[in-house]
Amino acid sequence: MSETAARPLRADAERSVRAILEAAERVLSTDPGASMEQIATAAGVARTTIHRRFANRQALVDALASSAARQLAQAVDDGRPDTAPPLVALHRITANVLEVKSAWTFALGLPADPDSEAAALHQDMAQRCITVLERARADRLIDEAADLHWVQRVYYALLGESLHGRSDDADIDTDTLAARIVDTLLRGAGPRS
């Protein structure tokens with residue numbers, strides 16, 4: 001566990017850590033081999049400040065992955081997966097996830113150590129996705145015979161492809177893109193009846 005996760009930080013230290021993590025995302029997304037010095041420069045802090053907060057580069061990368069996973073988990077929670085009507089929850093979660101994933105592509109693309117906080121958060125989010133899909137099936141938005149784990153994989157693929165092709169859809173706002181994803185997931189590309 002990193003020092004930043006072990007005990008609460010003062011507000012100025014928290015801002016410093018946030019600036020470092022945001023800079024690390026920007027720098028590492030363009031140059032995964034970037035040095036701690038480059039990250040420090042981008043964050044506007046001294047290299048010693050980074051080393052005071054993170055023992056080494058791997059500790060920084062682990063903290064980045066955990067921070068991004070926490071933000072993604074919060075995006076899912078903000079969609080009210082357990083209480084909002086399933087269609088509303090799917091749309092909100094999708095829009096929220098698109099926002100977070102587009103801002104943290106490097107960190108969320110990292111393979112998570114199976115024992116890490118990030119892995120636990122991703123596992124919890126996967127279960128929450130199944131819960132929303134179960135609720136959608138109960139509301140007859142999804143066929144009762146559908147394999148929900150397959151539906152989940154299709155949903156994740158739609159999210160991934162939407163983010164991958166985001167430059168093609170640059171003029172489309174997140175809510176419209178989320179509506180497209182949910183519509184494609186629930187209705188496919190066939191003609192409407």
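Is E37 buried, partly exposed or exposed? In this predicted model, in which local features need pLDDT of at least 70, side-chain atom pairs count only at pLDDT 80 or more, and totals for chains, interfaces and linings use all residues, E37 counts as partly exposed at 43% relative accessibility. Residues are numbered from 1 along each chain as its sequence is written, and side-chain values use heavy atoms, with hydrogens and water left out. The class is defined by relative accessible area: buried is under 20%, exposed is over 50%, and partly exposed lies in between (1.4 Å probe, protein chains only).

A salt bridge was assigned where a side-chain nitrogen of Lys or Arg lies within 4 Å of a carboxyl oxygen of Asp or Glu. In one of them, E37 pairs with R47 at 3.4 Å, N to O. This pair links distant parts of the chain, with E37 in helix 3 (residues 36-43) and R47 in helix 4 (residues 47-53), 10 residues apart. Helices are DSSP runs (H or I, at least four residues) numbered from the N terminus. R47 is partly exposed, with a relative accessible area of 45%.

A salt bridge of 2.7 Å, N to O, joins the side chains of E117 and R70. E117 belongs to helix 8 (residues 117-138) and R70 to helix 5 (residues 57-78), so the pair ties together parts 47 residues apart in sequence. Both partners are partly exposed, E117 at 36% and R70 at 39% relative accessibility.

The salt bridge between D183 and R187 has an N to O distance of 3.1 Å. These two residues are separated by about one helical turn, because they are four residues apart in helix 10 (residues 174-187). D183 is partly exposed at 26%, and R187 is partly exposed at 45%.

Contacts (heavy atoms within 4.5 Å) join V151, V154, Y155, L158, L159 and S162 of helix 9 to L177, I181, T184 and L185 of helix 10. By class, this contact has eight nonpolar, two polar and no charged residues; Ala, Val, Leu, Ile, Met, Phe, Trp, Tyr, Cys and Pro count as nonpolar, Asp, Glu, Lys and Arg as charged, and the others, Gly among them, as polar.
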